[in-house]
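Let's take a walk through this model, going from charged pairs to a helix packing. Keep the viewer open as you read.

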Amino acid sequence: MFPRLPRILFVLGKGGVGRSTVSAALAMALRRRGARTLVFEWTLSEAIAPWYGLAPAGIDPIEVEPGLAVANFCLEDSLRAYFVGHLGLGAFYRHVVNGRAMRRLVEAAPGIAEMMFLGHLSWLTTLAEKEVGLAFDRIVVDAPATGHGVSLLELPATLASMHASGLLGKEVGRVLEMMGDRLWTGALVVTTPEELATEETLELVPRATRSLGRPLVAALVNRGAGSILSDDAAPPWLDACGAALSPPARAGLAIVRAELRSRLGFERDLRTKLAGATERGVIALDEQLGLAPEVSSRAVASALATALAPFCAEDE
(Lines give C-alpha, C1' and ligand atoms only; values in the text may rest on other atoms or scores of the structure.)
Protein backbone atom coordinates (compact mmCIF):
# COMPACT_ATOMS: atom_id res chain seq x y z
CA MET A 1 0.00 0.00 0.00
CA PHE A 2 1.48 3.33 -1.06
CA PRO A 3 0.83 6.65 0.68
CA ARG A 4 -1.54 9.01 -1.12
CA LEU A 5 -0.04 11.30 -3.69
CA PRO A 6 0.51 14.83 -2.34
CA ARG A 7 -1.60 17.73 -3.52
CA ILE A 8 1.46 19.48 -5.00
CA LEU A 9 3.92 17.28 -6.87
CA PHE A 10 7.27 18.73 -7.94
CA VAL A 11 8.67 17.02 -11.05
CA LEU A 12 12.47 17.24 -11.01
CA GLY A 13 15.09 16.19 -13.57
CA LYS A 14 17.84 17.39 -15.87
CA GLY A 15 17.07 19.11 -19.13
CA GLY A 16 16.29 16.85 -22.08
CA VAL A 17 14.78 13.89 -20.20
CA GLY A 18 11.17 14.75 -21.08
CA ARG A 19 10.37 16.35 -17.73
CA SER A 20 7.75 18.71 -19.18
CA THR A 21 6.07 15.97 -21.23
CA VAL A 22 5.91 13.67 -18.20
CA SER A 23 4.56 16.55 -16.09
CA ALA A 24 1.78 17.06 -18.62
CA ALA A 25 1.12 13.30 -18.71
CA LEU A 26 0.86 13.14 -14.92
CA ALA A 27 -1.62 16.01 -14.97
CA MET A 28 -3.66 14.30 -17.70
CA ALA A 29 -3.72 11.05 -15.73
CA LEU A 30 -4.85 12.84 -12.57
CA ARG A 31 -7.50 14.75 -14.50
CA ARG A 32 -8.83 11.46 -15.93
CA ARG A 33 -9.36 10.32 -12.34
CA GLY A 34 -11.56 13.35 -11.75
CA ALA A 35 -9.03 15.69 -10.12
CA ARG A 36 -9.05 19.34 -11.18
CA THR A 37 -5.39 19.65 -12.08
CA LEU A 38 -2.97 22.48 -12.86
CA VAL A 39 0.44 22.20 -14.49
CA PHE A 40 2.53 25.04 -13.06
CA GLU A 41 5.70 25.81 -15.01
CA TRP A 42 8.66 28.15 -14.63
CA THR A 43 10.04 28.65 -18.10
CA LEU A 44 10.66 31.40 -20.64
CA SER A 45 7.69 30.32 -22.74
CA GLU A 46 5.00 27.93 -21.55
CA ALA A 47 4.77 24.99 -23.97
CA ILE A 48 1.63 22.99 -23.18
CA ALA A 49 -1.11 25.48 -24.15
CA PRO A 50 0.26 25.68 -27.74
CA TRP A 51 -0.34 21.91 -28.04
CA TYR A 52 -4.03 22.86 -27.97
CA GLY A 53 -3.71 25.75 -30.41
CA LEU A 54 -3.64 28.36 -27.63
CA ALA A 55 -1.17 31.13 -26.83
CA PRO A 56 1.41 30.30 -24.13
CA ALA A 57 -0.05 30.69 -20.66
CA GLY A 58 1.06 33.31 -18.17
CA ILE A 59 0.60 33.29 -14.43
CA ASP A 60 -3.20 33.19 -14.80
CA PRO A 61 -4.22 29.56 -15.46
CA ILE A 62 -5.62 28.65 -18.87
CA GLU A 63 -7.91 25.63 -19.14
CA VAL A 64 -6.76 23.45 -22.04
CA GLU A 65 -9.15 20.56 -21.35
CA PRO A 66 -12.08 20.29 -18.94
CA GLY A 67 -10.44 19.97 -15.53
CA LEU A 68 -6.89 20.54 -16.83
CA ALA A 69 -5.20 23.96 -16.75
CA VAL A 70 -1.69 25.31 -17.28
CA ALA A 71 0.10 28.38 -15.94
CA ASN A 72 3.62 29.78 -16.10
CA PHE A 73 5.39 31.64 -13.31
CA CYS A 74 6.71 35.15 -13.95
CA LEU A 75 8.25 37.14 -11.10
CA GLU A 76 6.80 40.47 -12.22
CA ASP A 77 3.30 39.04 -12.59
CA SER A 78 3.60 37.25 -9.26
CA LEU A 79 4.59 40.44 -7.45
CA ARG A 80 1.67 42.30 -8.99
CA ALA A 81 -0.76 39.52 -8.07
CA TYR A 82 0.56 39.47 -4.50
CA PHE A 83 0.58 43.21 -3.75
CA VAL A 84 -2.42 44.26 -5.85
CA GLY A 85 -4.67 41.20 -5.88
CA HIS A 86 -3.88 39.59 -2.52
CA LEU A 87 -2.93 42.53 -0.28
CA GLY A 88 -4.91 45.24 -2.08
CA LEU A 89 -1.88 47.58 -2.10
CA GLY A 90 -2.16 48.84 -5.67
CA ALA A 91 -0.62 52.26 -5.00
CA PHE A 92 2.30 50.75 -3.08
CA TYR A 93 2.94 48.34 -5.92
CA ARG A 94 2.82 51.02 -8.61
CA HIS A 95 4.99 53.59 -6.83
CA VAL A 96 7.40 51.40 -4.84
CA VAL A 97 7.56 47.74 -5.87
CA ASN A 98 7.25 48.47 -9.58
CA GLY A 99 9.74 51.33 -9.46
CA ARG A 100 12.91 50.95 -11.47
CA ALA A 101 15.28 50.78 -8.49
CA MET A 102 13.14 48.30 -6.56
CA ARG A 103 12.66 46.09 -9.61
CA ARG A 104 16.42 45.88 -10.12
CA LEU A 105 16.89 45.02 -6.46
CA VAL A 106 14.20 42.34 -6.49
CA GLU A 107 15.52 40.75 -9.69
CA ALA A 108 19.09 40.70 -8.37
CA ALA A 109 18.38 39.55 -4.81
CA PRO A 110 18.99 35.80 -4.41
CA GLY A 111 15.98 33.75 -3.40
CA ILE A 112 13.29 36.38 -4.03
CA ALA A 113 11.98 34.71 -7.19
CA GLU A 114 12.05 31.28 -5.54
CA MET A 115 10.21 32.62 -2.49
CA MET A 116 7.53 34.18 -4.69
CA PHE A 117 7.22 30.95 -6.66
CA LEU A 118 6.61 28.88 -3.53
CA GLY A 119 4.38 31.59 -2.11
CA HIS A 120 2.24 31.50 -5.23
CA LEU A 121 1.88 27.73 -4.89
CA SER A 122 0.79 28.19 -1.28
CA TRP A 123 -1.76 30.80 -2.35
CA LEU A 124 -3.10 28.53 -5.12
CA THR A 125 -3.81 25.78 -2.59
CA THR A 126 -5.19 27.93 0.24
CA LEU A 127 -6.59 31.36 -0.62
CA ALA A 128 -7.06 31.37 -4.41
CA GLU A 129 -10.51 29.82 -4.37
CA LYS A 130 -11.85 32.40 -1.92
CA GLU A 131 -10.11 35.39 -3.50
CA VAL A 132 -10.44 34.70 -7.24
CA GLY A 133 -12.42 31.46 -7.60
CA LEU A 134 -9.49 29.23 -8.58
CA ALA A 135 -9.68 25.71 -7.16
CA PHE A 136 -7.38 22.79 -7.99
CA ASP A 137 -7.30 19.35 -6.42
CA ARG A 138 -3.77 18.68 -7.72
CA ILE A 139 -0.90 20.84 -8.93
CA VAL A 140 1.94 19.29 -10.95
CA VAL A 141 4.99 21.56 -10.80
CA ASP A 142 7.18 21.28 -13.88
CA ALA A 143 10.25 22.45 -11.96
CA PRO A 144 13.26 24.10 -13.60
CA ALA A 145 16.16 21.82 -14.56
CA THR A 146 18.07 19.95 -11.86
CA GLY A 147 20.07 22.57 -9.94
CA HIS A 148 17.42 25.28 -9.94
CA GLY A 149 14.64 22.77 -9.30
CA VAL A 150 16.32 21.34 -6.19
CA SER A 151 17.04 24.86 -4.91
CA LEU A 152 13.26 25.30 -4.54
CA LEU A 153 13.25 22.37 -2.11
CA GLU A 154 16.27 23.75 -0.25
CA LEU A 155 14.79 27.23 0.22
CA PRO A 156 12.61 26.40 3.27
CA ALA A 157 15.68 25.63 5.41
CA THR A 158 17.12 29.02 4.48
CA LEU A 159 13.83 30.76 5.20
CA ALA A 160 13.52 29.09 8.59
CA SER A 161 16.96 30.38 9.59
CA MET A 162 15.89 33.98 8.91
CA HIS A 163 13.44 34.10 11.86
CA ALA A 164 11.43 36.67 9.91
CA SER A 165 8.58 38.57 11.55
CA GLY A 166 5.64 40.68 10.41
CA LEU A 167 4.20 40.18 6.92
CA LEU A 168 7.34 38.40 5.67
CA GLY A 169 7.28 36.08 8.66
CA LYS A 170 3.64 35.23 7.95
CA GLU A 171 4.37 34.35 4.32
CA VAL A 172 7.47 32.36 5.29
CA GLY A 173 5.37 30.42 7.79
CA ARG A 174 2.86 29.51 5.08
CA VAL A 175 5.61 28.26 2.78
CA LEU A 176 7.25 26.24 5.55
CA GLU A 177 3.92 24.65 6.45
CA MET A 178 3.27 23.73 2.82
CA MET A 179 6.71 22.27 2.17
CA GLY A 180 6.80 20.37 5.47
CA ASP A 181 3.49 18.55 4.99
CA ARG A 182 3.85 15.21 3.17
CA LEU A 183 0.20 15.23 2.07
CA TRP A 184 0.54 18.78 0.77
CA THR A 185 3.87 18.65 -1.05
CA GLY A 186 6.07 15.94 -2.55
CA ALA A 187 8.51 15.42 -5.39
CA LEU A 188 9.55 12.85 -7.94
CA VAL A 189 12.38 12.70 -10.43
CA VAL A 190 12.22 12.02 -14.17
CA THR A 191 15.22 10.55 -15.94
CA THR A 192 16.12 8.54 -19.03
CA PRO A 193 18.10 5.29 -19.29
CA GLU A 194 21.26 7.00 -20.50
CA GLU A 195 24.65 7.41 -18.88
CA LEU A 196 24.66 11.13 -18.09
CA ALA A 197 21.02 11.24 -17.02
CA THR A 198 21.50 8.16 -14.80
CA GLU A 199 24.57 9.63 -13.10
CA GLU A 200 22.83 12.93 -12.45
CA THR A 201 19.73 11.17 -11.11
CA LEU A 202 21.79 9.11 -8.66
CA GLU A 203 23.18 12.40 -7.30
CA LEU A 204 19.84 14.22 -7.42
CA VAL A 205 17.71 11.74 -5.46
CA PRO A 206 19.67 11.85 -2.16
CA ARG A 207 20.12 15.63 -2.42
CA ALA A 208 16.40 16.22 -3.01
CA THR A 209 15.52 13.77 -0.23
CA ARG A 210 17.66 15.70 2.25
CA SER A 211 16.20 19.02 1.13
CA LEU A 212 12.61 17.83 1.36
CA GLY A 213 13.19 15.95 4.59
CA ARG A 214 11.49 12.76 3.35
CA PRO A 215 11.76 10.27 0.46
CA LEU A 216 10.73 11.28 -3.03
CA VAL A 217 7.54 9.73 -4.36
CA ALA A 218 9.22 7.87 -7.23
CA ALA A 219 11.81 7.87 -9.97
CA LEU A 220 10.22 7.73 -13.44
CA VAL A 221 12.44 6.40 -16.23
CA ASN A 222 11.20 7.97 -19.46
CA ARG A 223 11.82 6.28 -22.83
CA GLY A 224 12.25 2.84 -21.32
CA ALA A 225 12.93 -0.19 -23.54
CA GLY A 226 11.26 -2.93 -21.52
CA SER A 227 8.29 -3.43 -23.83
CA ILE A 228 10.55 -3.66 -26.88
CA LEU A 229 13.39 -5.78 -25.56
CA SER A 230 12.66 -7.65 -22.35
CA ASP A 231 16.04 -9.31 -21.82
CA ASP A 232 19.48 -9.72 -23.38
CA ALA A 233 18.25 -12.30 -25.87
CA ALA A 234 17.08 -11.04 -29.23
CA PRO A 235 13.28 -11.30 -29.50
CA PRO A 236 11.98 -13.47 -32.38
CA TRP A 237 10.53 -10.49 -34.22
CA LEU A 238 13.92 -8.81 -34.30
CA ASP A 239 15.58 -11.85 -35.89
CA ALA A 240 12.70 -12.15 -38.33
CA CYS A 241 13.12 -8.54 -39.38
CA GLY A 242 16.86 -8.98 -39.76
CA ALA A 243 16.46 -12.02 -42.02
CA ALA A 244 14.37 -9.99 -44.45
CA LEU A 245 16.76 -7.03 -44.65
CA SER A 246 19.83 -6.23 -46.67
CA PRO A 247 23.24 -6.42 -44.94
CA PRO A 248 23.45 -2.62 -44.38
CA ALA A 249 19.95 -2.58 -42.94
CA ARG A 250 20.80 -5.54 -40.67
CA ALA A 251 23.81 -3.59 -39.43
CA GLY A 252 21.52 -0.67 -38.61
CA LEU A 253 19.16 -3.04 -36.81
CA ALA A 254 22.05 -4.34 -34.73
CA ILE A 255 22.86 -0.77 -33.69
CA VAL A 256 19.25 -0.26 -32.63
CA ARG A 257 19.33 -3.48 -30.61
CA ALA A 258 22.57 -2.40 -28.92
CA GLU A 259 20.95 0.93 -27.96
CA LEU A 260 17.95 -0.87 -26.51
CA ARG A 261 20.18 -3.23 -24.53
CA SER A 262 22.07 -0.21 -23.21
CA ARG A 263 18.82 1.36 -22.04
CA LEU A 264 17.85 -1.84 -20.25
CA GLY A 265 21.21 -1.86 -18.52
CA PHE A 266 20.77 1.68 -17.20
CA GLU A 267 17.22 0.86 -16.06
CA ARG A 268 18.56 -2.08 -14.05
CA ASP A 269 21.31 0.11 -12.62
CA LEU A 270 18.77 2.67 -11.44
CA ARG A 271 16.56 0.00 -9.89
CA THR A 272 19.50 -1.48 -8.01
CA LYS A 273 21.05 1.74 -6.76
CA LEU A 274 17.76 3.46 -5.88
CA ALA A 275 16.20 0.44 -4.19
CA GLY A 276 14.29 1.72 -1.16
CA ALA A 277 15.20 5.34 -1.89
CA THR A 278 11.70 6.42 -3.01
CA GLU A 279 8.18 5.57 -1.84
CA ARG A 280 7.09 3.87 -5.05
CA GLY A 281 10.42 2.76 -6.45
CA VAL A 282 11.72 3.10 -10.01
CA ILE A 283 8.99 3.05 -12.65
CA ALA A 284 9.82 2.67 -16.34
CA LEU A 285 7.75 4.51 -18.92
CA ASP A 286 8.09 2.82 -22.28
CA GLU A 287 9.25 4.66 -25.38
CA GLN A 288 6.25 6.32 -27.04
CA LEU A 289 7.69 7.82 -30.22
CA GLY A 290 6.43 5.66 -33.04
CA LEU A 291 3.93 3.95 -30.73
CA ALA A 292 1.56 6.85 -30.01
CA PRO A 293 -1.37 7.31 -32.43
CA GLU A 294 0.37 10.38 -33.86
CA VAL A 295 3.77 11.95 -33.50
CA SER A 296 3.15 15.05 -31.43
CA SER A 297 3.99 16.14 -27.91
CA ARG A 298 0.32 16.11 -26.96
CA ALA A 299 -0.19 12.57 -28.31
CA VAL A 300 2.93 11.28 -26.56
CA ALA A 301 1.82 12.90 -23.27
CA SER A 302 -1.63 11.35 -23.66
CA ALA A 303 -0.12 7.89 -24.21
CA LEU A 304 2.13 8.35 -21.19
CA ALA A 305 -0.91 9.41 -19.16
CA THR A 306 -2.48 6.05 -19.92
CA ALA A 307 0.70 4.31 -18.78
CA LEU A 308 0.71 6.41 -15.60
CA ALA A 309 -2.88 5.55 -14.66
CA PRO A 310 -1.86 2.86 -12.12
CA PHE A 311 0.70 5.25 -10.59
CA CYS A 312 -1.99 7.88 -10.08
CA ALA A 313 -4.46 5.44 -8.57
CA GLU A 314 -4.61 6.50 -4.91
CA ASP A 315 -5.13 4.14 -2.02
CA GLU A 316 -8.39 5.06 -0.33
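Start with Arg 31 and Glu 65, whose side chains meet in a salt bridge at 2.3 Å, N to O; the term stands for a side-chain nitrogen of Lys or Arg within 4 Å of a carboxyl oxygen of Asp or Glu. This pair links distant parts of the chain, with Arg 31 in helix α1 and Glu 65 in strand β3 (residues 62–65), 34 residues apart. Helices (H or I, at least four residues) and strands (E, at least two) are DSSP runs, numbered from the N terminus. Before going on, a word on the source: this is a predicted model, where local features need pLDDT of at least 70 and side-chain atom pairs count only at pLDDT 80 or more, while totals for chains, interfaces and linings use all residues. Residues are numbered from 1 along each chain as its sequence is written, and side-chain values use heavy atoms, leaving out hydrogens and water.

How buried or exposed are the two partners? Arg 31 is partly exposed, with a relative accessible area of 23%, whereas Glu 65 is buried at 14%. Here buried means under 20% relative accessible area, exposed over 50%, and partly exposed in between (1.4 Å probe, protein chains only).

The structure holds eight salt bridges. Another one joins the side chains of Arg 19 and Asp 142 at 3.2 Å, N to O. Arg 19 lies in helix α1 and Asp 142 in strand β5 (residues 138–142), so this pair ties together parts that are 123 residues apart in sequence. Arg 19 counts as buried at 13% relative accessibility, and Asp 142 counts as buried at 4%.

For a local pair, look at helix α8 (residues 166–180), where Glu 171 and Arg 174 sit three residues apart, about one turn of the helix. Their side chains meet in a salt bridge, 3.2 Å from N to O. Glu 171 is buried at 13% relative accessible area, and Arg 174 is partly exposed at 22%.

Now back to α1 (residues 19–32), whose axis comes within 8 Å of that of helix α12 (residues 297–307), crossing at roughly 55°. Axes are lines fitted to C-alpha atoms, for helices over the stretch in contact, and angles run from 0 to 180 degrees between N-to-C directions. The contact (heavy atoms within 4.5 Å) includes Met 28 of α1 and Leu 304 of α12.
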